[in-house]
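Hello,

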Amino acid sequence: MASHRKSRPAGTRVAGIRTPALATAALTSVALLSQSANAAPADDRPSLEEVEKKVDDLYRQAESATDSYNSAKEKTTKQRKQVDTLLDDVAQRTEKLNEAREELGSFAAAQYRTGAAAPDTATFLLADTPQDYFDQTQLMGRLTSRQKGAVDDYVTEQSATMKKRQEASQSLQSLTETQSDLKTAKATVQKKLADARELLSELTAQEKARLAAIEKEKQEAAARKAAELARQQAAAEKAAQQESAPSSGSSTAGSSTVADSSYATKAAKALAFARAQIGKPYVWGATGPGSYDCSGLTQAAWKAAGVDLPRVTYDQVDAGTTVSLADAQPGDLVFFYDDISHVGLYIGNGMMIHAPKPGAYVREESIYYDGESAIHSVVRPA
């Protein structure tokens, strides 16, 4: 009887148990599906390093936009003063023009009463543009020297008033355009900062801790680089002192010493001011006293030393003498990035005081905080 039984197909169920071949295939499929499900979100999610780079880039872009905002704001202030001055001038000239017109009207009325001029003469003398009529030889011949002088004064004042009105109109248009630029720059800053905050808010607690560790590693590397620069500068200074010792009595050396001393005195005042601001928050567009952005801090510090710096970084970089990093002295301005969007105040030993970025506070930090390649130039402002 057994010989008549049909063979059982592979993979069919026997007492609720699958055959090994089918079980293996099923388990493999489940494993692959599970891996796919777990891998999909990870592939779409940026790495921690990518998040860090993106946040840093957004902060840099925000700082660059802050300079554009500061520049437009400063320009707006100047243009508004210019417009106000022009409008005041136009008002005064218009008043004088009205007085001259009244005087001419009285002359015309008198001539009409005596029959010296036709009725349309009086009407035209009271018009806004009587020059064409005054140029007629017949009428000018009837005017006294005093009347001719009044006509000349009127025409001159009218021309000047029209010119001032045109200048005021152009200045108002320019002011409107600058205000639009100001609004755009402000919106750009706010958008960049909002994007950075959103990226950071999406990090888990573990990722934030790892990000803090990465930042600490960067700071330690920057500190080592600063210490290396400090050693190099100390060695260079010692060598320079030894070389200049024999000729210390020369007039050239004396002049150089006086110049260095004068700069050091001013720099000490600037640094003292900057140190007093440590701990105050970075706020874009701020110039103190409660908060600062990067160029607002350097401007205020050097103002305390009696030196006026421009408002924004890409103007401050031209407000002095460029020196090499190896020759940097306390008080010098250190600029960063190709777009010159950040600046700090050098304090020596590879360190600076600066207002770093939104969410941070004025602090001392290595000039290598973002790597050596980030340093653009060093400028001595006084």
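The model has 10 salt bridges, a salt bridge being a side-chain nitrogen of Lys or Arg within 4 Å of a carboxyl oxygen of Asp or Glu. This is a predicted model, in which local features need pLDDT of at least 70 and side-chain atom pairs count only at pLDDT 80 or more, while totals for chains, interfaces and linings use all residues. Residues are numbered from 1 along each chain as its sequence is written, and side-chain values use heavy atoms, with hydrogens and water left out.

Helices (H or I, at least four residues) and strands (E, at least two) are DSSP runs, numbered from the N terminus. Arginine 60 is partly exposed at 29% relative accessible area, and aspartate 339 is also partly exposed, at 36%. Here buried means under 20% relative accessible area, exposed means over 50%, and partly exposed is in between (1.4 Å probe, protein chains only).

Lysine 225 and glutamate 372 form another salt bridge, their closest N and O atoms being 3.2 Å apart. Because lysine 225 lies in helix H7 (residues 205-244) and glutamate 372 in the loop between strand S5 (363-366) and strand S6 (375-380), the pair ties together parts 147 residues apart in sequence. Lysine 225 is partly exposed, at 26%, as is glutamate 372, at 46%.

Arginine 275 is in helix H8 (residues 251-276) and glutamate 364 in strand S5, so parts 89 residues apart in sequence are tied together. Arginine 275 is partly exposed at 40% relative accessibility, and glutamate 364 is partly exposed at 40%.

Now for confidence. The mean pLDDT (the predictor's confidence in each residue, from 0 to 100) is 77, and 71% of residues reach 70 or more. Confidence is lowest in helix H1 (residues 20-44), at a mean of 43, and highest in strand S2 (residues 333-336), at 98. Over residues 1-42, pLDDT stays under 50, and the model has seven contacts (heavy atoms within 4.5 Å) beyond four places in sequence for them.

Best wishes
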